[in-house]
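Visitor: I would like to go through one of the pockets in this model, and then some backbone angles. Could you show me the structure to begin with?

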Amino acid sequence: MGKIAATGWAIPRLQHVWSAPEQRAQQTAKALGLKPSLSMELADVNYGTWSGKGIDEIQANDPEGLAAWLTDEDAAPHGGESFVQLIARVGIWMKKQTDAGHTVAVTHPVVIRAAILCGLQAPAHSFWRIEVAPLSITDLRFNGRLWTVRSMGCSLYRS
């Protein structure tokens with residue numbers, strides 16, 4: 001939490017603040033001085049039976065499943081959510097935000113990737129081609145007709 005304070009973060013002008021329901025997202029919002037409403041649509045991807053496991057453990061126990069998950073956006077070998085399903089969920093949330101005004105959402109890199117794909121109307125197979133760093137800002141704007149990506153992956157840290 002001290003790292004966020006050291007960034008010089010200033011709360012932007014906003015009408016709405018949302019957070020993923022996971023504790024880590026809520027703690028980040030609090031450290032940023034925000035008081036968010038929770039949105040299940042901003043939740044981290046459902047990793048199913050892989051939840052709580054490291055990538056090495058998954059690779060050792062389910063190498064074919066992991067390979068499929070990393071190459072096929074429709075795959076859900078863990079019994080959880082595919083990336084196509086995640087993108088659809090995030091798209092539903094974004095449609096609700098088109099009249100919301102200035103909104104801040106504190107969520108996970110995987111959810112931000114999905115939002116970028118929705119905003120650009122990019123194909124789901126582009127999912128792994130977007131890198132989103134933790135504790136970064138991505139700015140999406142709705143102009144009344146379509147979404148644009150103004151900036152993405154910008155560090156909160158001053159350089």
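**Pocket lining and backbone angles**

Guide: This is a predicted model. By class, the lining of the second largest pocket consists of 8 nonpolar, 4 polar and 2 charged residues.

Visitor: What volume does the second largest pocket have?

Guide: Its volume is about 250 Å³.

Visitor: And which residues lie nearest its centre?

Guide: Of the 14 residues that line the second largest pocket, those nearest its centre are Leu117, Cys118, Gly119, Gln121 and Trp147. Two elements, helix H5 (83-96) and helix H6 (109-120), each give two or more residues to that lining.

Visitor: Let us stay with Gln121. Where is its place?

Guide: Gln121 sits in the loop between H6 and strand E4 (136-142).

Visitor: Is Gln121 buried or exposed?

Guide: Gln121 has a relative accessible area of 72%. The cut-off for exposed is over 50%, so Gln121 counts as exposed.

Visitor: Now the backbone. What is phi of Gln121?

Guide: Phi of Gln121 is near 55 degrees, which is a positive value in a residue other than glycine.

Visitor: Moving on to Leu135: what is its phi?

Guide: Leu135 is not a glycine either, yet its phi is positive, at about 55 degrees. Leu135 lies in the loop between H6 and E4.

Visitor: How exposed is Leu135?

Guide: Leu135 is partly exposed, because its relative accessible area is 27%, and that class runs between the limits of 20% and 50%.

Methods
Residues are numbered from 1 along each chain as its sequence is written. This is a predicted model: local features need pLDDT of at least 70, side-chain atom pairs count only at pLDDT 80 or more; totals for chains, interfaces and linings use all residues. Side-chain values use heavy atoms; hydrogens and water are left out. On a 1 Å grid over the protein atoms alone, a cavity is a set of points where a 1.4 Å probe fits but cannot get out, and a pocket is an open set with protein on both sides within 12 Å along at least five of seven lines; lining residues have an atom within 4 Å of a point. Grid points are joined across faces, edges and corners, and a volume is the space filled by probe spheres set on the points. Helices (H or I, at least four residues) and strands (E, at least two) are DSSP runs, numbered from the N terminus. Ala, Val, Leu, Ile, Met, Phe, Trp, Tyr, Cys and Pro count as nonpolar, Asp, Glu, Lys and Arg as charged, and the others, Gly among them, as polar. Buried means under 20% relative accessible area, exposed over 50%, partly exposed in between (1.4 Å probe, protein chains only).
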